[in-house]
Amino acid sequence: MKCKFTVFITVLLCLFSAQLFAQVIKGKVSDSNNAGLPGVSIQVKGTSRGTTTDGSGNYSISASKGATLVFSSVGHISKQVVVNDQSAINITMEDDNQSLDEVVVVGYGTQKKSELTNAVVQTSGKEITRSNNVSISNSLSGKLPGLFVNQTSSVPGQDNASITVRGPRTFRNSSALIVIDGVANADPDGLNRLDPNDIESISVLKDASAAIYGAQSAGGVVLVTTKRGKTGKPTFDFVSTYTLQSPTMRVQSANAMEYMSVINNKDAADGRPATFSDDFVNQFKSGQRKSEDWYGALVAPPATVARQSLTMRGGTETTRYFVSLGTVSQGGILRADDKTKLNQYNIRANMDVAVTKKLDVGVDISYRQKNVQYPQGGSDQIGSFANTSPLQPAYVDGDYRYPTEGWSQLNPAARLLSPGYQKLVTDVATGTLKFKYKLPVTGLALEGFMSLTKNYEYDKNFNYTWVYYRKDPSGSIIQVPSRSVEDIGLKEFYAQTLRTTQNIRLTYENTINKDHKLSGFVAYEQSNYDDNYFYAQRLGYDSPVIDQLFAGSPIPANQSNSGTATSNGRQNIFGRVAYEYKGKYLFGFSSRYDGSTTFPPGKRFGFFPQASAAWVISEEPFVKNSMFSNLKLRGSWGQLGNDRVDPYQYVGAYGYTNGWVVNGADVRSLGPKTTPNPNITWEVSETTNIGLELGFLNNNLTFEIDAFNTTTSNILAKRQASIPGYTGLTLPDENIGKMNSRGIDFQGAYNKTIGQVGMRIGANLTYSENKIVYFDEPPLAQPYQKLEGNPLNSPLVYQAIGIYRSAQDLKDKVSYPGAKVGDLIFADLNGDGKIDVNDQYRFQASPFPKMQFGVNLTLNYKNFDLYILLQGQSGAKWRLSNGFNADAGGNNLQYVALNSYSPANPNAELPNINYNMSGLEGANSDLLP
């Protein structure tokens, strides 16, 4: 007992002595502009004691004389200060402009930018949060070279953009693979519904570096890394944003007078009676009736977006954590639309624990619920407003309380009054357990993870009638019930998916004799995907009050249900090795032996290699200390795979068929539904990239340019020529297509600090073009009609060489049956003296852009910053319709109405409007207004 008591006294004295000689150090950390720097980590070297600066850069920490304080902050050069007798230590942290030391996330690991041999670009979470877009994909537009971002809808919950790396590479799905914290396909929404405040970085594998993901890599790979804990006191960040969204431009449709005039003029030219009588036209001229601007009447911007995020980050040397809570809401843009809405809630917890000096364990947990609601019929009707006839009012006397029936009782404003709705609830829960164990051999470690994602989806769609308003003979406004546009009824849809991934890697990293740096890993990974769904539906509801299945019709003919289930999996063995000599000569190699149950047993596994090298010329004696702070030449080659195709096409599918009668009764039977292909396998993209990196002024001025060429073979497509349609076969996909794409990426940046003002200007640009090398086309009469040699989706059109502006033109030029003055003149490409389908050719027009670019400017002054982003695309072509008719959706653009040919406008740049045309005069052409 005496011994134990003595030990206790000794320990107590030691602790008392340590506290006695420790002193409280206070101070302020400033940046190069002399502004307080918040969030700087301050650690007593060799201990677990630490803190962080507050919002003004101030700090306080206890440290003994002789101790070393380590100051570190992202984007700044770390500093170490020895404590002497001073009680205050103020320091200034210099900006870290050595962008070559930036850590870049690559497939299954990280590398310094100076060590990269591949075309990889990265942006920080801070850059992502500068945008207030609800969908993360839209926040990436214009920020990364090589990344094409295309948004086709702004409906809340449906505003995800497609992400394509360096443009299309196949006839099929060219979208990028999304990997979140090392797990591929971890989220059914990709990266779109992540909280931007949770993101640490997003990097893009643009070249052969994506081959490490094997048969899923042909479209490029986007790697998302979420935030993790940091050593130091917990820091709390609360971010609240409120955004007003309005269309950047609106479609200008023809007004009533323009609309009626262009149709009546065409009637006169064709020798028909006028569609609209003079009396009817005069009602609009006199103001008795008013022209309706459907877009202006029904669209009432702005839509509102509100996002809140609370995060906590901190930890000790043994335990680090990052926890976040977030919510986002978004409303619709239609007038009086209180049904279109998005409400999302998310939570994330990432924790890392140093169990021992050799064993680290991490746990990541996230959950998200997305609630979306739309009115009956959906919220995507704005696109039709440009074509809605201006002759029918949207509201009685323009009073927004009384929407009219519209055309055929389809007024969207009236449909908002329906008790019907569309609801969608999606729950996504993800959990990942990871570990890393340092083996006794220097630089050798065993690490891995197991991830599970569970997704639930519940849709509920209820359709009913609604009321609209009109005036009765006495002039009073009355309600009128609508017809049943959609079948009155309820449909409920349930789906769930389970995705599991297991990964184990043996890694090695070591520097030998200071000059040789060697790193690499070998890994095994397995993934399983299980999905199932079912739905139930009933029609015949007598009242909208009870919107439940039991309240529908009991008649079996008004009831339906169905369900399916799918299952597939992957097995992979893969690895990578990187070698660096004196920081000048860099080499990399990776490969993946990838297998998928999508394909038959003998075709499931494939080998996807990648090789790369770089020469850091600026490290050579004959260049060092020159104008170049970085001069690097690199190149890569590899083969990437694409298996995005309907699974199990190697098996002949059977299903139920109707049409059999047995003993006077209809019966179902089993019959073949498809023709199997036992040789189906993945597509292969062979890609080459050459890059040049330039840095000047200590890398404050940087440029980077890449040239790439990709040839995709074995593209999965159905035969159209070699197997005639009269065989009646339902053909499977076959590996018969070939396509080439090529282009360049460019990015540049300049950083400058003038006094207390910091400035950064950046620009990026990507140009990409493609062509079909082989496609199994139906027989065509002329070689210029083949899709081969032309860009993907090039349409067959007539070549427009002018407009027939007189009867003499009709005689002098080759014409076609039905051609009239004001119609287009088409080129006789085959020279047979007539215009027919053999004169169509492949027009190099695609809705996918050839170029994407972005320019950004950042200005910092103390605690204020200004950020400007200009981004855009070019090279895409869309067909301009010049059709008008007298029906509900018969209107068109004002530009077309004012610039189409008519006797009053004989020099118009556009031909006759397409109204009551049945021949070639209304055919598609290459006319570019």
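Okay, ground rules. Since it's predicted, local features need pLDDT of at least 70 and side-chain atom pairs count only at pLDDT 80 or more, while totals for chains, interfaces and linings use all residues. Residues are numbered from 1 along each chain as its sequence is written, and side-chain values use heavy atoms, with hydrogens and water left out.

The structure holds four cavities of 30 Å³ or more. A cavity here is a set of points, on a 1 Å grid over the protein atoms alone, where a 1.4 Å probe fits but cannot get out. Points are joined across faces, edges and corners, and the volume is the space filled by probe spheres set on them. The largest cavity comes to about 260 Å³. It has 21 lining residues, and closest to its centre sit Ile180, Leu194, Arg348, Ser366 and Thr430. Lining means having an atom within 4 Å of a point. Strands 20 (341–354), 21 (359–375) and 22 (421–438) each give two or more residues to that lining. Strands are DSSP E runs of at least two residues, helices are H or I runs of at least four, and both are numbered from the N terminus.

Five strands make an open, mixed sheet in the order 10-15-16-13-14. Strand 10 (120–124) and strand 14 (183–184) are the edges, each with a single partner, so one side of each has no neighbour in the sheet. Strands count as paired if DSSP finds at least two bridges between them; strand 10 and strand 15 (199–205) run antiparallel over five bridges. Ser124 stands opposite Ser201 of strand 15.

Now to the loop between strand 15 and strand 16 (221–226), where you'll find Gly220. Is Gly220 buried or exposed? Buried, because its relative accessibility is 1%, and the cut-off is under 20%, with exposed being over 50% and partly exposed in between, using a 1.4 Å probe and protein chains only. Leaving out residues up to four places away in sequence, Gly220 touches Val165, Arg169, Ala176, Leu177, Leu205 and Ala210, where contact means heavy atoms within 4.5 Å.

Last stop, helix 5 (278–285). Val281, Gln283 and Phe284 are buried there. They're on the same side of helix 5, because their arc around the axis is only 150°, taken from the directions from the helix axis to the C-beta atoms. Asp278, Asp279 and Lys285 are exposed on the other side. The cover over the buried residues includes helix 4 (256–270). Just after helix 5, Gly287 has a positive phi of about 90°.

Key
On a 1 Å grid over the protein atoms alone, a cavity is a set of points where a 1.4 Å probe fits but cannot get out, and a pocket is an open set with protein on both sides within 12 Å along at least five of seven lines; lining residues have an atom within 4 Å of a point.
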